[in-house]
Amino acid sequence: MTHVSVTVNGAMREADVEPRTLLVYFLRETLGLTGTNAGCDTSSCGSCTVLLDGESVKSCTMLAAQADGRELTTIEGMAEGDQLHPLQESFRRNHGLQCGYCTPGMIMAAASYLKENPSPSEGDVRLALEGNLCRCTGYQNIVKSILDAAGSMAGAEA
Amino acid sequence: MATTETFIGQPVLRKEDPELLTGHASYIDNWTMPGMLWMALARPPYVHATIDGIDTTEAASMPGVVGVYTATDFDLAPLPFVWPITEEIKVPVHYPLASDKVRFNGDAVAVVLAETREQALDAAEAVAVTATELPAVIDIEEAAKDEVIVHDDLGTNVVVHWSHGGGGDQSVFDSAPVIVQERYVQPRLIPNAIETRGCLAYGVPPVDEWTLVTATQIPHIAKVTLAGTTGIDEHKLRVIAPDVGGGFGSKLNVYAEEALALALARRLRRPVKWIEGRRENYVATTHGRGVLHDCTLAGTEDGTILGMKFVELADMGAYYQLLTPGIPELGGWVYMGPYDPKAYWFEFKGVVTNTTPTDAYRGAGRPEATYVIERLVDSFARRIGKDPADIRRMNLHPPHEDAQTSIMGLNVDSANYEPLLDKALGLVEYDKLRAEQRDRRERGDRTQLGIGLSTYIEMCGLAPSNILGALRYAAGGWDGATIECLPSGHVIVKTGTSPHGQSHETAWAQIVADGLGVSPDEITVLHGDTHSTPLGMDTYGSRSVAVGGVALHFAVEKIKAKARTIAAHELEVAEDDLEWADGAFRVKGAPDTAKTIPELAVSAWHAHALPAEVEPHLNATAVYDPPNFTWPAGAHVCVVEVDTETGATEIVRYVAVDDCGTIINPMIVEGQVHGGVAQGVAEALYEEAMYDESGNLTTSTMTQYLIPSATEIPAMTTDHSQETPSTTNPLGVKGIGEAGTIAAPPAVVNAVIDAVSHLGVTAIEKPASPERVWRAIQEAKGDGRAGASPGSEGGTS
């Protein structure tokens, strides 16, 4: 067994796990944070995207052990109490989700990207989402949601 | 509380979203129970083989393994198949586990239970199967030759032949001035719901009651059929569809794993959970399409379509799943498209192969039909040198407000097609694009412009039960709705539909809100649980609003009839003196004297002073069997740029104009169109399930099967301003879930062909990959380079 100690959504969490445990299953099954979904096993769909030290990673492509000592944010950590994160608000406002399965990954990928580029163009957002697949929305309202969130986040900071 | 606001037609934000956005959804893999075991299946690496032995010894001895089971350990009936479409149909027997032969990549021969997910998967790998490999047959035309037989007991691979029987004068197919004959191939597609399948079976052993929580579109149908397969009494079986991460037809089924999980939970008296891996999903969950059509269009030199005839060969896969041969039959009713041919013919043969079973995939038969119709109409236009928009306009069926019997024999509820085409052409600026196309062609530009059209109809609202009966389908097509008005003012709606992204909680609340004069915020919609919402036929075939939504309307009417009686009693007026206005029963001429539904719900609940004949509690159930199908229609235009040097296609504009009848929530309708078009674009340009010569699926993960991302799917312009009400139901609704997937593939492929048609290209098959486009250009040039590959120095010129 391997000891893994991480900060998840601001709280220190630790556990002994099999060395082969993937980060996505460590989050879901060991820590009970089931908001992060697994979709493809090949790092293709991006449903499992979380933030590792603030940057998006696909948690099915990492071992839990590799996250030892680092800071993680999952979809459960995005809202502050009842106050949804601007991305969560904008996905709702713009019908950016249907079945919702890809949504946590989309939001985490977008959160990471908007930190890098706070005022992206539509083309920028589409390119940034290349690693996240959605089968319901045709991406149109996801892209719209992210552009809308970028606007409201910029407004909030101004 | 009561409200005078109206909600139908408004873009009400979704009730579903808060849980989904914050990571609190109830997808099946989020379920866990004390004492739960994990199930994994052993699927040996064969395509077609006789099983000589299955050795489970090593697997059984591995850490955490509780048991390893093969077919002989179970007493299960075959998996359900509910649509024996002809009397003569040959039905392959399909048990949950294979015991004599492996017939496709996904066939399982053993099932493992272990304490953890990983232990179960490891042990499944260790099940040793000895088998004698047989030649496999993958191609449908090869399979139809019967040189390799998939099911020995059937004696042939051609298991079903269904003919529509035709309509009109069939002689036009020989004698018309213009005869266009083409063959179109449509490859297999993998549905790819982002959530794979999965289930959890658990029970209350002392009373032999069992629950299956499963990622399904059809909990109600699953309950009835799984009772048959497992032998659990139907009244002791409960099926729950939790939040489901997409379906697209792939979860419109009843699968081996669901039966096995139930059987094992019952046997071990412990909860049993199974979650499908993605590679497993690609071989063990149904595929779509996999058809080829020989098509004939009879027409005149001036462009009139006289007749359309289609003879199809359809790949069933190695077995039937729930509906398999019914899918091409379903398409068999729309081969006239939105046109008005005087002669009609459709027939198909279903062929079994050593591949994953096919079944419904978004559109189910109608995309296959629409693709070949729209390709054929474009070929006709090219043949006689006319603009494809003009040919469509002159052949569109005339409008009608009432239902009319079509050439294929069913009643089309209402129609008004030409304004849809005009709107689409206007939005895309068709004439301007044609001018630009001419300029580019004259200049000989490397990047050429193509414009593709698709005018379509679809048959939704599945389905009138009497027609389903005539078509030999085992079940009905009705749906149920129960409404309960609680004394708190809250309203509970129980629907028989089972959404998995379609926003029923929101749209159904809008329908009931307008009906009862309450806010959608005060309405909770329950669905997908055979205990709490027992009356239903589930979600598929764009049926939910047109059947389940309409059932709500009738339940509302029943509630209101009862509420009116109570209101009249309390207000001491005759019922006829009351009118429903602004969300309340009001005394005619004295509108401030009124009773709202929440007020009447309190009266009905305490029942202190009800009229003598009125039962306490304000609740009602309606079961609605639609008298007809519904027939949405639309016109889509795709504009592409094709690089004639590389064959690469880019969609530069996409316009979707759809008429789905009355719209409940335009935001949801638009979202359905976006997603449908994206899946259609994927089908047209990227996706294809491919097999090697031995029959192994080579596109076996998402890294090989090209699901487009946001960079490949274009921005779309949608319009749904035309709402031609359905005459089938009082809401006027038709359905929109599949329209995009039906319309888009031919619009895109027609555009690609159009871009290079001046080079002599007349045909490119799906998916129109750069390689296919490049080869088509080289072949049209006839310069002997057809055998070379793009970018190579090859060629003999």
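Me: What makes β10 and β13 of chain B a pair of strands, and in which sense do they run?
Reply: Two strands pair if DSSP finds at least two bridges between them; strand β10 (residues 198-204) and strand β13 (residues 272-275) of chain B pair over 4 bridges, in the antiparallel sense, with B:Cys199 standing opposite B:Trp274 in β13(B). Strands here are DSSP runs (E, at least two residues), numbered from the N terminus. This is a predicted model, in which local features need pLDDT of at least 70, side-chain atom pairs count only at pLDDT 80 or more, and totals for chains, interfaces and linings use all residues. Residues are numbered from 1 along each chain as its sequence is written, chains are lettered from A and ligands numbered from 1 in the order in which they are written, and side-chain values use heavy atoms, with hydrogens and water left out.

Me: Why are β3 and β12 of chain B said to stand at the edges?
Reply: In the open sheet of 7 strands, with the order β3-β5-β1-β13-β10-β11-β12 (chain B) and mixed pairing, β3 (65-70) and β12 (237-240) each have a single partner strand, so one side of each is left without a neighbour in the sheet.

Me: Why is the contact of B:Arg117 with A:Glu29 called a salt bridge?
Reply: The term requires a side-chain nitrogen of Lys or Arg within 4 Å of a carboxyl oxygen of Asp or Glu; for B:Arg117 and A:Glu29 the closest N and O atoms are 2.3 Å apart, and the pair forms a salt bridge. Across the interface of chain A and chain B the rule finds 4 salt bridges.
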